[in-house]
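Here is a short report on a predicted model.

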Protein chains: 2
Amino acid sequence: MPDVLSEKARQLIARPLLATLATVAPDGGPQVTPLWIEVDGDDLLVNTARGRAKARNVERDDRVAVSVIDPDDPYNVVMVRGTVTAITTEDADAHIDHLAKKYLGVDEYPMRQPGEVRLKLRIRTDRIPMQG
Amino acid sequence: MPDVLSEKARQLIARPLLATLATVAPDGGPQVTPLWIEVDGDDLLVNTARGRAKARNVERDDRVAVSVIDPDDPYNVVMVRGTVTAITTEDADAHIDHLAKKYLGVDEYPMRQPGEVRLKLRIRTDRIPMQG
């Protein structure tokens with residue numbers, strides 16, 4: 001049964017702090033990228049674009065880890081392993097606008113590229129290592 | 001030939017910001033943990049203790065990735081892959097004191113546990129993915 005994110009973790013992720021997403025690169029090593037994030041129930045939601053390294057990585061290997069650090073309190077961090085359970089396009093444009101509201105305070109994501117296909121990734125939180 | 005860290009990356013890492021270290025867990029998935037970090041030449045240095053998950057992970061698989069995010073500027077991030085080239089104990093106690101000076105402003109690491117064996121990890125920076 002997946003761990004449920006703590007209330008403190010939810011509060012941290014609710015802030016407009018960049019998360020670090022760790023994915024498995026083609027060679028099996030870890031790769032990290034910064035991205036926007038939000039909580040949805042017990043899942044995490046992030047958004048990327050088709051063809052990006054992290055998108056290709058999770059299409060190949062659904063195992064990820066997510067880090068969020070409170071810059072004001074080094075003891076307040078979220079470090080969680082997870083599994084990408086869904087990669088969707090149909091609601092991904094609305095979702096990146098939603099994240100742009102959280103992170104930039106604007107109604108529409110301002111950095112769309114021509115021809116870009118947005119992907120919404122749903123991440124099930126699997127484990128929360130408390131000590132590394 | 002390894003990429004050399006940019007001057008901007010060095011300046012970011014010089015600040016007392018928690019880094020995220022991604023390692024390869026026993027099952028091959030990524031694992032993330034927060035930790036202190038510094039630059040030494042073109043390498044990164046971090047410090048952990050024997051027996052911690054991240055120590056066991058890098059003893060098994062030397063591939064890591066490191067993330068540092070500027071909380072004041074979302075465009076100022078370090079996201080780098082690397083290889084652990086040395087795990088040493090003899091200079092690890094002095095090194096954790098050195099990091100405690102950077103992060104806490106104290107001369108001696110105040111959180112030592114009885115019997116704890118500190119490990120200094122040297123990380124060669126292998127690649128800097130510019131876009132994820």
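Ile37(A) is buried, with 25 other C-beta atoms within 10 Å. A residue is called buried if 20 or more other C-beta atoms lie within 10 Å of its own, exposed if 12 or fewer, and partly exposed in between, with C-beta atoms placed from the backbone. Ile37(A) sits in strand β3 (residues 37–40) of chain A. Helices (H or I, at least four residues) and strands (E, at least two) are DSSP runs, numbered from the N terminus.

Leaving aside residues up to four places away in sequence, Ile37(A) touches Ile13(A), Ala19(A), Leu44(A), Val46(A), Val66(A) and Val68(A). Contact requires C-beta atoms, placed from the backbone, within 7 Å. His95(A) is 58 residues from Ile37(A) in sequence and 10 Å away in space, C-alpha to C-alpha.

This is a predicted model, in which local features need pLDDT of at least 70, side-chain atom pairs count only at pLDDT 80 or more, and totals for chains, interfaces and linings use all residues. Residues are numbered from 1 along each chain as its sequence is written, while chains are lettered from A and ligands numbered from 1 in the order in which they are written. The model scores ipTM 0.93 and pTM 0.94. Chain A has a mean pLDDT of 93, and 92% of its residues reach 70 or more. pLDDT is the predictor's confidence in each residue, from 0 to 100.

Now helix α3 of chain B. Its 13 residues (92–104) should span 18 Å at 1.5 Å a residue, and the end C-alpha atoms are 17 Å apart, which agrees. The expected span is 1.5 Å times one less than the number of residues. Ala92(B), His95(B), Ile96(B) and Leu99(B) are the buried residues of α3(B). Seen down the axis, they fall within an arc of 95°, so they line one face of the helix. The arc is that of the directions from the helix axis to the C-beta atoms. Just after α3(B), Gly105(B) takes a positive phi of about 75°.

How do the copies meet? The contact takes 28 residues from chain B and 28 residues from chain A.

Technical notes
Contact = placed C-beta atoms within 7 Å.
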